[in-house]
Structure formats: C-alpha cells, structure tokens
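Welcome, and thanks for joining this tour. Keep your viewer open and your selection tool ready, and we will go from stop to stop together.

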Amino acid sequence: MARPRTPLLNRERIVAAALHLIDTEGLDALSTRRLATELSVSGPSLYNHFATKDELLDAVVDTVIGEVDLSMFTGVSGGVPGDASGEVPGEVPGGATPWPEALRDWARSYRAALAAHPNIVPVLAQGPGRRPNALRLADAVFGHLVEAGWPRGQATRIGALMRYFVTGSALASFAAGFPADAEVYDAADYPHLGEAHRLAGHRGTVDEGAFETGLEALLDGLALRFERLAGGRPAERRPAGEVNAHQGSRATNAGRSAGSTGS
C-alpha cells in the first residue's frame, strides 16, 4: 500500500498556514517553531523560503491586500462642473467610474478584506513597503485620482487619508468596547450612557453604520474641494433655503438610519 504523500512545502502553503495562525490566535502566536509544527516540517526548512519572520509577515500582509478589489480603477471620470474635459457633468465617458464612486467601492472592498483578518491590521498599517500587491493598490488609487483631475500632492494626501480611515475602522470594534453590563453605567457618573450596554449586541449595525457615515462624509468633503479646484475659485455659496433643505434631507435620512439601527 502506497504511503500518503506529504504536500510539498512552498511559499504559498507557508503563507496560508501563517495567516490561519494569525487569524485564529493573533500575531504573537506566530513563530518559526509553531509554524513548523502546524506544517509538520522542521523549523530550518522554513528558512529555505523566508529568511526572516519579517519577510514572512510581509508576504502574509501582501496576500491579504491581494484580496482587495481594484477593478473600479480601470477607468476615470471627473464628472465635475467646470472641468476642462468637455464632458457633460454626471456622464461617464467610455464606461469609466467617477472617482468618488471608485473610492467608495474600493474603500468597502479594502475594509472587507481587513475585517476578515483583523489581527494582521497593525502590521499592514505600517505602509506598503516593498509588497507588490500593496504597491499596486497605491499606484491604482493615486493614478486614478490624478487622471481624474486631482493635483498630485492632493492625490497623495487623499490616498493617505483613505488608508488611515479604512485601517482605523478595521482595527477594532467601537461597539464591542462597551461592556454589556448595565451596572457599569451609573447614571450619576455617566448620565448619557444609559443604553450603552446594548451597543455590543448591535456590533455589526453600529460599526458598519459608523464606517458608512464616515465614508460618505469624507467623499462629500472631497467632492466640494474638487469643485473648488476645478473652478479655480471658492465654491459658490448655496442660498440659505437650499442649504437648509439639503441638510433637512440629510437629517431625515440619518433619522431613518438611526431607527433601523435600534430595531
């Protein structure tokens, strides 16, 4: 009877095992000895593929970044009144994705990838380094913004801003940080936290809602800045009635969202 074949040891298998170990037990659990045990190999054999633990961590992080969808950056559209492209505002030439929509879709995909592997986020937050997938991501975001009409310096800052926002949102749960014990929140000490013990039970709704609120606020602010850049002058002030109507619509939508969160 033939003996069972042991799977060949390669970089992909080592990275997958390391990521599983980090996902289940955290960064501190990763060591050469522990990883070798998980793979049923000798410790020194790992060094044939990765010279150091840092090199292995870079490969693990880059594997996670490779899960992020970048397809929305294959085309560009500014879609801003007053730009020099001659395009009709709101129309997307050649099927390109307008930059606000591209950033929105990318940010959601980026957060989903990090949320699936939250224990790796502290390493990932250090920057792209020499990681190929991370550099491709940075290139795609920066290139899309520049081609859409953003000055290069502004595009760099926006890329950094979005990375700070997404990685921060994936680092930990806001809602889960509040104990579910109602006695913690004595009304004499915390008069406004009488319902805080319920937050952990609505973790998904609260955290996802916070991310979406922040993302839309960022994109709204960037859209206003882009209008000013495109026009070469400060954006025209809306009539007071129009502003109030706009804000009223936002408030109504926010109220509906809050109602659904509590359900």
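**The whole chain**

Of the contacts in the protein with a separation of 6 or more, 71% are between residues 24 or more positions apart; a contact means heavy atoms within 4.5 Å. What you have open is a predicted model, where local features need pLDDT of at least 70 and side-chain atom pairs count only at pLDDT 80 or more, while totals for chains, interfaces and linings use all residues. Residues are numbered from 1 along each chain as its sequence is written, and side-chain values use heavy atoms, with hydrogens and water left out.

Switch to a cartoon view to begin. The protein has ten helices and zero strands, and its pattern along the sequence reads α-α-α-α-α-α-α-α-α-α. Helices (H or I, at least four residues) and strands (E, at least two) are DSSP runs, numbered from the N terminus.

Now show the surface. The accessible surface of the protein comes to about 15,700 Å², and 54% of it belongs to carbon and sulfur atoms. These areas come from the Shrake-Rupley method with a 1.4 Å probe, and for residues only the protein chains shown count as cover. Of the 263 residues in the protein, 32% are buried. Buried means under 20% relative accessible area, exposed over 50%, and partly exposed in between (1.4 Å probe, protein chains only).

**Colour by confidence**

Next, colour by pLDDT, the predictor's confidence in each residue, from 0 to 100. The mean pLDDT of the protein is 82, and 77% of its residues reach 70 or more. Select residues 79-93: here the pLDDT is below 50, and this stretch has 15 contacts in the model beyond near neighbours in sequence. Then select residues 233-263, where pLDDT also stays under 50 and the model has ten contacts beyond four places in sequence.

**An enclosed space**

Rolling a probe the size of a water molecule over the atoms shows where empty space is left. On a 1 Å grid over the protein atoms alone, a cavity is a set of points where a 1.4 Å probe fits but cannot get out, and lining residues have an atom within 4 Å of a point. Grid points are joined across faces, edges and corners, and a volume is the space filled by probe spheres set on the points.

How many cavities of 30 Å³ or more are there? The count comes to one. The largest cavity has a volume of about 100 Å³. To see its lining, select Ile14, Leu30, Ser31, Thr32, Leu35, Leu46, Tyr47, Phe50, Thr52, Lys53 and Leu56. Helix H2 (32-39) and helix H4 (53-65) are the elements that give two or more residues to this lining. By class, the lining has seven nonpolar, three polar and one charged residues. Ala, Val, Leu, Ile, Met, Phe, Trp, Tyr, Cys and Pro count as nonpolar, Asp, Glu, Lys and Arg as charged, and the others, Gly among them, as polar.

Start with tyrosine 47, one of the lining residues. Tyrosine 47 sits in the loop between H3 and H4 and is partly exposed because its relative accessibility is 46%. Its C-alpha atom is 9.0 Å from that of threonine 32, 15 residues apart along the chain.

Move to arginine 34 in helix H2. Is arginine 34 buried or partly exposed? Its relative accessibility is 27%, so arginine 34 counts as partly exposed. Not counting residues up to four places away in sequence, arginine 34 touches Leu21, Glu25 and Ala29.

Serine 40 comes next, in the loop between H2 and helix H3 (43-46). Serine 40 has a positive phi of about 60° although it is not a glycine. With a relative accessible area of 64%, serine 40 is exposed.

Finish at aspartate 69, in the loop between H4 and helix H5 (99-115). Aspartate 69 is partly exposed, at 34% relative accessibility. Beyond residues up to four places away in sequence, aspartate 69 touches Trp106 and Ser109.

Technical notes. 1 Å grid on protein atoms, 1.4 Å probe; cavity = no way out; pocket = protein on both sides within 12 Å on 5 of 7 lines; lining within 4 Å.
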